Amino acid sequence: MNTSATRQLREALEGEVGAYGVTLPAAALEGLSKYYELLNAWNSRVHLVAPCSPREFATRHVLESLLLLKYLPQDARVAEVGAGAGLPMLPCLIVRPDLRAVLIEASQKKAVFLREALNRTATSQQGTVIAERFENVTVPAVDFVTCRALERFEEMLPLLLEWAPAKATLLLFGGKRLAPRIESLGFTRAAELIPQSKGRFLFRVDKP
């Protein structure tokens, strides 16, 4: 455990949280710290995120992920596609114990990490991990689908939109190019510019 890095993470979270419109009680900070320590321990063996400072991890990964919370009502059920390191849903589960999520990740090694992270952060009752490509998974009973780091995202977007349940809301992280791609597929979207970003957005797409 790198106590200096963890301290820097917590300081950054507490210092920057206001810009992202969320609050972090003490229990959430403790859970996010445990998640960060576990991810650092695994990252050299299983590439989960690009190397970054504790402050960058706090803003670029944790606080950006928590932007989802304003879109998720009480007791929301969410499917995360291409869960990887558990971003965005693991921070959301840590902060909001009412949420339930299905984390879909094709990599077996990353799926093992996700299960360990759920256990370590006391969110194992909130999340289920499925180690499979999303297109091979029976669509879970959820009202929201989120995706932050799906490989070949623009290419896979038509399949993801088709796979998502009817009436579901998709919450997708991406750059400017994702907007015309969504519209070219016949969907309308709303876009929120991510704080401290010039060209990254959180897109909301409501599936009919």
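## A buried glutamate and its salt bridge

Glu64 counts as buried, because its relative accessibility is 2%; buried means under 20% relative accessible area, exposed over 50%, and partly exposed in between, with a 1.4 Å probe and protein chains only. This is a predicted model, in which local features need pLDDT of at least 70 and side-chain atom pairs count only at pLDDT 80 or more, while totals for chains, interfaces and linings use all residues. Residues are numbered from 1 along each chain as its sequence is written, and side-chain values use heavy atoms, with hydrogens and water left out.

The side chain of Glu64 meets that of Arg60 in a salt bridge, at 3.3 Å from N to O. A salt bridge here is a side-chain nitrogen of Lys or Arg within 4 Å of a carboxyl oxygen of Asp or Glu. Both Arg60 and Glu64 belong to helix H3, where four residues, about one turn of the helix, separate them. Helices (H or I, at least four residues) and strands (E, at least two) are DSSP runs, numbered from the N terminus.

## Other salt bridges

In total, the structure holds 13 salt bridges. One of them joins the side chains of Asp98 and Arg96, with 2.7 Å from N to O. Asp98 is buried because its relative accessible area is 13%, and Arg96 is buried with a value of 16%. There is also a network: salt bridges with shared partners join Arg60, Glu64, Arg148 and Arg200.

Another salt bridge is formed by the side chains of Glu30 and Arg10, at 3.2 Å from N to O. This pair links distant parts of the chain, as Glu30 is in helix H2 and Arg10 is in helix H1, 20 residues apart. Glu30 has 37% relative accessibility and therefore counts as partly exposed. Arg10 is partly exposed too, with a relative accessible area of 25%.

## The nonpolar cores

A nonpolar core is a set of buried Ala, Val, Leu, Ile, Met, Phe, Trp, Tyr and Cys residues joined through side-chain atoms within 4.5 Å. The largest such core has 53 residues, and Leu13, Leu24, Tyr35, Leu66 and Phe113 have the most contacts inside it. At least two residues of this core come from each of helix H1 (3-16), helix H2 (26-43), helix H3 (54-65), helix H4 (89-95), strand S2 (100-104), helix H5 (108-120) and strand S5 (169-175). Helix H2 gives the most, with eight residues.

Which residues does Leu13 touch, not counting those up to four places away in sequence? They are Leu24, Leu29, Leu32, Ala58, Val62 and Leu63, where contact means heavy atoms within 4.5 Å. Apart from this core lies another, of 26 residues, and among them are Leu150, Trp163, Phe187 and Phe201.

## The sheet

Seven strands form an open sheet with mixed pairing, in the order S3-S2-S1-S4-S5-S7-S6. Two strands pair if DSSP finds at least two bridges between them. The edge strands, S3 (127-130) and S6 (190-193), each pair on one side only. On average, neighbouring strands are turned by 20° against each other, direction ignored.

S2 and S3 run parallel and are joined by four bridges; Ile104 has Ile130 in S3 as its bridge partner. S5 and S7 run antiparallel, with seven bridges between them, and Gly174 is partnered by Phe201 in S7. S6 and S7 also run antiparallel, joined by four bridges, and Ala191 stands opposite Phe203 in S7. These two strands, S6 and S7, form a hairpin with six residues between them, and Gln196 in the turn has a positive phi of about 65°.

## A helix across the sheet

Helix H6 (residues 153-163) lies across strand S1 (77-81), S2, strand S4 (144-147), S5 and strand S7 (200-206), and runs at about 175° to S5. Axes are lines fitted to C-alpha atoms, for helices over the stretch in contact, and angles run from 0 to 180 degrees between N-to-C directions.

Which residues of H6 are buried? They are Phe153, Met156, Leu157, Leu160, Leu161 and Trp163. These residues are on the same side of H6 because they cover an arc of only 150° around the axis, the arc being that of the directions from the helix axis to the C-beta atoms. Glu155 and Glu162, on the other side of H6, are exposed. The buried residues of H6 pack against S1, S2, S4, S5, helix H7 (178-184) and S7.
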